[in-house]
Structure formats: structure tokens, C-alpha cells
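Q: Could you show me how to read a protein model feature by feature, with the general idea and then the case at hand?

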Amino acid sequence: MPYFTSKNTSLYYEQRGQGPVLLFISPPGLGCAAFEQQHPLEDQFQVVTFDPRGNGRSECGDTADGTIRQWTEDMYALVSHLGARQVILCGYSFGGLPAQEFAYRYPEKTKALVLISSFPKVRTFLLAGKFRLGIWSTYENLLGTLGKGLAFSHTKKQDQQARIETNIENSDPGVMEQMYLNGRYYDSSGLLPYITCPVLTIFGSNDVFVKKHQHDFKSYLPGMHNVHIQGKVHQLPTRAADEVNAIIRNFVNHNVYTNIL
């Protein structure tokens with residue numbers, strides 16, 4: 001199995017296809033298993049996923065390293081390991097926070113930023129509730145229960161459900177706690193105006209958790225592209241995979257690269 005090293009910590013990743021690099025970043029716990037429906041993009045891109053530190057098959061290092069800043073440093077280590085000059089960041093939900101931070105801190109490495117069901121800060125009651133649930137599950141040693149709930153909400157495919165559950169059960173509670181605590185009070189609003197690469201946001205029209213945050217992105221990134229997927233909720237990479245993949249292809253082909261097939 002492939003691993004790369006960041007801050008003396010061994011982290012698991014998967015790589016498929018060739019071409020421009022799509023680096024997918026998951027919420028805590030889900031890791032590579034969140035993006036199995038994005039594998040078809042390998043016919044045009046190099047599709048890269050990874051388990052963040054302390055998640056799934058990755059070592060945890062220091063428990064205190066479960067921060068957005070360290071997450072971006074790990075991503076930089078992965079990009080360097082791949083030998084990629086630039087990458088297209090695809091951050092899903094909570095995974096959009098380190099994606100935004102990376103785009104700000106490493107503009108020379110960021111070709112484009114795709115934010116799927118994501119947000120710049122937690123500012124709604126329902127989204128804050130999801131964070132509280134995540135924190136509580138680490139306190140009470142209920143990562144197995146959290147894994148079952150997240151697996152069921154993401155997919156009907158039992159084999160993928162099992163992989164999501166296993167990934168979350170194998171995650172370090174201390175790192176997961178730090179991730180949730182750090183993300184709960186993270187705010188990228190001050191960084192967004194300085195992101196100069198092309199930006200795409202994708203939301204489900206029925207997403208009660210984060211759809212309101214599209215207005216935050218519009219305020220700070222007036223030139224961004226925004227797409228709604230009608231009738232869909234939060235778990236777009238799995239529940240609306242065909243639409244998400246088509247939207248990413250179209251965005252990259254028309255706004256990032258041309259004639260890359």
C-alpha cells in the first residue's frame with residue numbers, strides 16, 4: 001500500500017490515472033473511502049485521495065497535530081511526494097477547510113479549488129450540531145457508532161459502507177477530537193479574498209447544513225463559479241456522483257485547462 005511521510009508521520013494515499021492531479025480531501029474519518037465514486041475521473045485525470053493523519057490507515061503522530069494548519073502541511077507533503085507542479089484541490093464538506101487554507105498558503109501549487117458541500121466557517125445551528133456530535137463521539141468512544149451513521153448516510157453500497165465504517169473505527173479519537181474542535185472555530189473568510197485561482201462551489205439544493213454558506217463564498221469570491229444539483233442533499237460525492245464528476249470535468253476543461261484529453 002502506498003504511503004508518504006509528513007512530519008515523521010506515515011500517511012496512506014491512493015493514486016489512479018494520469019494527467020492533471022485532482023486531490024480530493026475528505027471530512028474527518030472518511031478518508032479515501034469517501035471518493036470511490038470519483039474513480040471514473042481517472043480516464044482524464046490523476047485522481048489522488050488520502051487518509052488524513054490519525055484517520056483510517058494513517059499514523060496519528062502527535063495528537064495535537066489535528067489542526068487545519070497541519071492538515072495543509074500534510075497535503076503539501078503529499079503534493080511534493082507526487083512530484084506535482086500544481087494540483088486541483090477538491091475539498092468535500094469539512095475537507096474544504098484545509099483546501100481553502102492550502103489555496104491561500106500555497107498559490108503556486110494550486111491550479112484550481114473545487115469546494116463540494118463546503119463552508120468557510122460554521123455559522124448555522126445544524127452544522128454546529130454535526131460538529132458537536134463528532135466531538136461527543138470521541139469523548140464517549142463511539143467512533144464505531146459514528147462510522148455506522150456516516151456510512152449509511154453516504155451510500156447504499158454495503159461494501160463501501162463497510163470501508164467507511166472501518167476507516168472511522170480505526171481513526172484515533174484524540175486526533176479526531178482535535179480536528180473537530182479546530183474546525184468548529186476555524187474561519188477562512190479573511191483568506192478567501194486572497195485566493196486567486198479559479199474556484200468552483202457545488203451544493204445540493206436540499207442541503208440544510210451548508211447551502212446557506214454559498215452566500216459567504218459569493219461575498220468573498222465574486223468571480224467564482226457556483227453550481228446547484230437539484231434535489232440532492234449533503235453527501236454529493238456518493239449520492240450525486242455522476243453529476244459531481246460531470247461538473248468537475250466541465251469546470252476544469254472550460255475554466256482551468258483546455259484540450260487536456
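Q: Which way do strand E2 and E4 run relative to one another, parallel or antiparallel, and how many bridges join them?
A: To read a strand pair, take the direction of each strand and then the bridges between them. In this predicted model, strand E2 (residues 9–16) and E4 run antiparallel and are joined by 4 bridges. One place to look is Tyr13, whose bridge partner in E4 is Phe50.

Q: In what sense do E3 and E4 pair?
A: The pairing of E3 with E4 is parallel, over 3 bridges. Here Leu22 has Val47 in E4 as its bridge partner.

Q: How many of the residues of strand E4 are buried?
A: Burial is read from relative accessible area, with under 20% counting as buried. In strand E4 (residues 46–50), 5 of the 5 residues are buried, so the strand is largely enclosed by the rest of the structure. Gln46, Val48 and Phe50 point one way from E4, while Val47 and Thr49 point the other way. Residues on both sides are buried.

Q: What is the strand order of the open sheet?
A: The open sheet has 8 strands in the order E1-E2-E4-E3-E5-E6-E7-E8, and its pairing is mixed. Strand E1 (3–6) and strand E8 (225–229) are the edge strands, each pairing on one side only. From one strand to the next, the twist averages 25 degrees.

Q: How many bridges join strand E3 to strand E5, and which residue in E5 does Ile25 stand opposite?
A: Strand E3 (residues 21–25) and strand E5 (residues 87–92) run parallel and are joined by 5 bridges. Ile25 stands opposite Gly91 in E5.

Q: What should the 15 residues of H1 span?
A: The check sets an expected span beside the distance between the end C-alpha atoms. At 1.5 Å a residue, H1 should span 21 Å, and its end C-alpha atoms are 21 Å apart, so the two agree. The buried residues of H1 include Ile68, Trp71, Met75, Leu78 and Leu82. After H1 comes Gly83, with a positive phi near 70 degrees.

Q: Where does Gln86 lie, and what does it touch?
A: For a loop residue, start with its flanking elements and then list its contacts. Gln86 is in the loop between helix H1 (68–82) and E5. Leaving out residues up to four places away in sequence, Gln86 touches Val21, Pro107, Glu108, Lys109, Thr110 and Lys111. A polar atom of the Gln86 side chain lies 3.2 Å from the backbone oxygen of Glu108.

Q: Is Ser189 buried or exposed?
A: Ser189 has 6% relative accessibility, so it counts as buried. Its place is the loop between helix H6 (173–184) and E7. The side chains of Ser189 and Asp187 are joined by a polar contact of 2.7 Å. Not counting residues up to four places away in sequence, Ser189 touches Pro120, Lys121 and Tyr220.

Q: Where is Ala34, and with which residues is it in contact?
A: Ala34 is in the loop between E3 and E4. With a relative accessible area of 1%, Ala34 is buried. Apart from neighbours within four places in sequence, Ala34 is in contact with Ser26, Gln160, Pro237 and Thr238.

Q: How many disulfides does the structure hold?
A: A disulfide is a covalent bond between the sulfur atoms of two cysteines. The structure holds 0 disulfides. For Cys32, the nearest cysteine sulfur is that of Cys90, 14 Å away. Cys32 counts as buried, at 3% relative accessibility. The sulfur of Cys60 is 17 Å from the closest cysteine sulfur, in Cys32, which is too far for a bond. Cys60 counts as partly exposed, at 24% relative accessibility.

Notes. Residues are numbered from 1 along each chain as its sequence is written. This is a predicted model: local features need pLDDT of at least 70, side-chain atom pairs count only at pLDDT 80 or more; totals for chains, interfaces and linings use all residues. Side-chain values use heavy atoms; hydrogens and water are left out. Two strands pair if DSSP finds at least two bridges between them. Helices (H or I, at least four residues) and strands (E, at least two) are DSSP runs, numbered from the N terminus. Axes are lines fitted to C-alpha atoms, for helices over the stretch in contact, and angles run from 0 to 180 degrees between N-to-C directions. A polar contact is a pair of N or O atoms within 3.5 Å; within protein, one must be able to donate a hydrogen and the other to accept it, and residues adjacent in sequence count only if both atoms are side-chain atoms. Contact means heavy atoms within 4.5 Å. The expected span of a helix is 1.5 Å times one less than its number of residues. Buried means under 20% relative accessible area, exposed over 50%, partly exposed in between (1.4 Å probe, protein chains only). A disulfide is a pair of cysteine sulfur atoms within 2.5 Å.
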